[in-house]
Amino acid sequence: MNTQHTPGPWRYARGNGSPTTGEHMIAGATPGYLAEVRDVGSGSVVANARLIAAAPELLEALIVITDESVCIKSAVVERARAAIAKARGET
């Protein structure tokens, strides 16, 4: 896999809300932040941040499912492949 995104694990980090650091941040393994998650009134900002932080693990799980599983229904595998393509920017 030719990974171009910041490798995981990512984590949700509650910041201090300063002018340079937001309140809901996504951090990687190295110092600094990958992203700030803002509340735009469409769901829980904390839940959104946790979902984003899980992205590397979710992508890896989908890759394993689509590469190694023969017992999963083909519709499920196709949904997993579509999610992988979206994560890789292939859609």
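Among contacts in the chain between residues at least 6 apart in sequence, what percentage join residues at least 24 apart? In this predicted model, the share is 26%. The chain has 91 residues, and 24% of them are buried. It holds 3 helices and 3 strands. Their order along the sequence is β-β-β-α-α-α.

In soluble globular proteins, nonpolar side chains tend to be buried together. The largest nonpolar core of this model consists of Trp10, Ile26, Val37, Val45, Ala49 and Ala53, 6 residues in total. Helix H1, which spans residues 45-53, is the main contributor to this core and gives 3 residues.

Helix H1 can be read by its two sides. Val45, Ala49 and Ala53 are buried in H1. Viewed down the helix axis, the buried residues of H1 fall within an arc of 75°, so they line one face of the helix. Arg50 and Leu51 lie on the other side of H1, where they are exposed. Buried here means under 20% relative accessible area, and exposed means over 50%. Ala53 is one of the buried residues of H1 and also belongs to the largest nonpolar core. Leaving aside residues up to four places away in sequence, Ala53 touches Trp10, Arg11, Tyr12 and Ile26. Trp10 and Ile26 are likewise members of that core.

Open space was examined next. The largest pocket has a volume of about 190 Å³. Its lining is formed by His5, Trp10, Leu51, Ala55, Pro56, Leu58, Leu59, Leu62, Ala83 and Ala87. Helix H2 (55-68) and helix H3 (74-88) each supply at least two residues of the lining. H2 provides the largest share, with 5 residues. By class, 9 lining residues are nonpolar and 1 is polar, while none is charged.

The largest cavity holds about 30 Å³ of space. Around this cavity lie Arg38, Asp39, Val40, Gly41, Ser42, Gly43, Ser44, Val45 and Asn48. This lining divides into 2 nonpolar, 5 polar and 2 charged residues.

Methods:
Residues numbered from 1 in each chain as written. Predicted model: local features only at pLDDT ≥ 70, side-chain atom pairs only at ≥ 80, totals over all residues. Heavy atoms only, no water. 1 Å grid on protein atoms, 1.4 Å probe; cavity = no way out; pocket = protein on both sides within 12 Å on 5 of 7 lines; lining within 4 Å. Points joined across faces, edges and corners; volume = space filled by probe spheres on them. Nonpolar A, V, L, I, M, F, W, Y, C, P; charged D, E, K, R; others polar. Helix = DSSP H or I, 4+ residues; strand = E, 2+ residues; numbered from the N terminus. Core = buried A, V, L, I, M, F, W, Y, C linked by side-chain atoms within 4.5 Å. Buried < 20%, exposed > 50% of the residue type's maximum accessible area, 1.4 Å probe, protein only. Contact = heavy atoms within 4.5 Å. Arc of directions from axis to C-beta.
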